[in-house]
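Dear colleague,

Please find below the structure that I am handing over to you.

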Amino acid sequence: MQIAIAGAGLAGVFAAQTLAAAGHEPFLIDKGRSAGGRMATRRIGQGRADHGAQFFTVRTEIFQKEVDRWLERGQVKKWFGDDHPRYMAPDGMNTLVKQMASAFDLHLEEKIVRMEAEADSILLAADSGSIFPADAGIVTFPPPQTAELMHRSAIPGTKETVKTLEMLTFRPAIVGLVTLKQPAEAGSHGMLDRDLPEGIEKIIAADQKGLTSEPILSVYMTADWSRRYLDEPDEKAAEALNNSLAEWKQLEVKDLQVKRWRYSEAEQTHAGAWLQAESLPLYFAGDAFLHRDDASGRTRVESAVLSGIAAAEALIKQHG
Ligand SMILES: Cc1cc2nc3c(=O)[nH]c(=O)nc-3n(C[C@H](O)[C@H](O)[C@H](O)COP(=O)(O)OP(=O)(O)OC[C@H]3O[C@@H](n4cnc5c(N)ncnc54)[C@H](O)[C@@H]3O)c2cc1C
């Protein structure tokens with residue numbers, strides 16, 4: 001079967017890998033300039049820094065198997081922590097997804113704006129005018145964006161599905177990428193998440209983490225702070241972020257870039273690793289879709305991976 005996977009983040013690439021292993025022909029579509037989604041790494045000058053997920057932990061055997069493969073190839077390494085160690089990607093979190101996506105037919109800079117679905121086929125339409133027909137599909141956008149798309153598409157018989165998607169709300173996050181003139185230490189491992197000024201959730205020193213030789217901080221602002229500045233101009237958000245940062249330490253800032261995530265982490269998750277649009281060959285997956293027995297109750301790298309795999313397996317079981 002030709003299977004369209006909308007969204008080339010973690011859930012998308014793991015769904016593609018699962019479908020390909022079962023003999024299907026998945027292809028990926030993403031609105032971004034590269035695959036990765038919230039596994040995001042930015043090049044800044046001679047350096048680079050993660051500005052989405054910084055690390056991940058492993059709580060299931062399924063994910064541990066995948067992580068072991070990454071470890072063997074040197075794509076990830078243990079960062080710190082004993083009980084549930086935190087793993088990081090020395091070349092940036094983004095490379096993990098990009099490398100997996102490169103095995104598939106990947107359509108970038110294609111924003112899906114409308115879908116059609118029938119008993120044995122689907123069709124995705126992008127704002128560029130491109131049309132992607134397929135036998136089945138998995139959509140892995142953050143659910144608020146999927147709900148919007150479903151509204152626009154008005155696929156008959158999917159009212160209940162849309163209602164479920166609408167219940168999955170997300171919080172925003174603003175992240176500052178701050179290049180310094182001199183390195184600044186953030187805790188003993190390069191990550192600090194306590195005793196910080198109001199508004200700052202955590203600070204990661206990309207150089208201390210081993211990603212770059214240039215001193216760059218990724219400064220994660222709290223959800224409340226981020227909500228306040230989400231629709232403000234870049235200069236205003238950057239100035240406020242810089243003021244908060246100055247309360248932490250005296251720093252000589254060379255450059256400050258602001259990255260906004262309107263949908264960073266789910267406030268309301270779905271109990272179940274995937275969702276199907278009634279009996280249509282159209283599935284929804286992503287980090288907000290949690291296994292019923294997921295003890296953490298939180299969206300994260302692992303939940304995205306498990307959801308992508310589970311949605312693909314459900315599709316294979318029901319449609320061949
Ligand atoms: C600031 C931040 C910090 C985080 N920190 C951590 C952490 O430290 N540890 C951890 O485990 N997790 C962390 N996470 C969460 C983790 O990054 C996510 O759980 C995971 O990457 C989500 O993967 P996904 O595939 O479900 O979604 P995404 O990565 O969001 O992928 C969805 C894809 O869909 C695409 N898309 C959306 N709309 C359209 C459209 N209309 N047409 C085409 N394409 C579209 C997007 O471009 C994107 O590539 C963090 C997230 C953020 C934002």
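This is a predicted model: local features need pLDDT of at least 70, side-chain atom pairs count only at pLDDT 80 or more; totals for chains, interfaces and linings use all residues.

**Helix α8**

The expected span is 1.5 Å times one less than the number of residues; helices are DSSP runs of H or I with at least four residues, strands runs of E with at least two, numbered from the N terminus.

Buried in α8 are A237, A238, A240, L241, S244, L245 and W248 (buried: under 20% relative accessible area; exposed: over 50%; partly exposed in between; 1.4 Å probe, protein chains only). Seen down the axis, these buried residues fall within an arc of 165°, so they line one face of the helix; the arc is that of the directions from the helix axis to the C-beta atoms. The face turned away from the buried side carries the exposed residues E235, E239 and E247. Among the elements covering the buried residues of α8 are β12 (170–180), α7 (223–229) and β16 (253–266), where contact means heavy atoms within 4.5 Å.

**Helix α5**

In helix α5 (residues 159–166), T161, V162 and L165 are buried. Their arc is within 100°, so they too line one face of their helix. Their cover includes α4 (143–153) and β19 (282–284).

**Conventions**

Residues are numbered from 1 along each chain as its sequence is written. Local features need pLDDT of at least 70, side-chain atom pairs count only at pLDDT 80 or more, totals for chains, interfaces and linings use all residues, and side-chain values use heavy atoms, with hydrogens and water left out.

Yours sincerely
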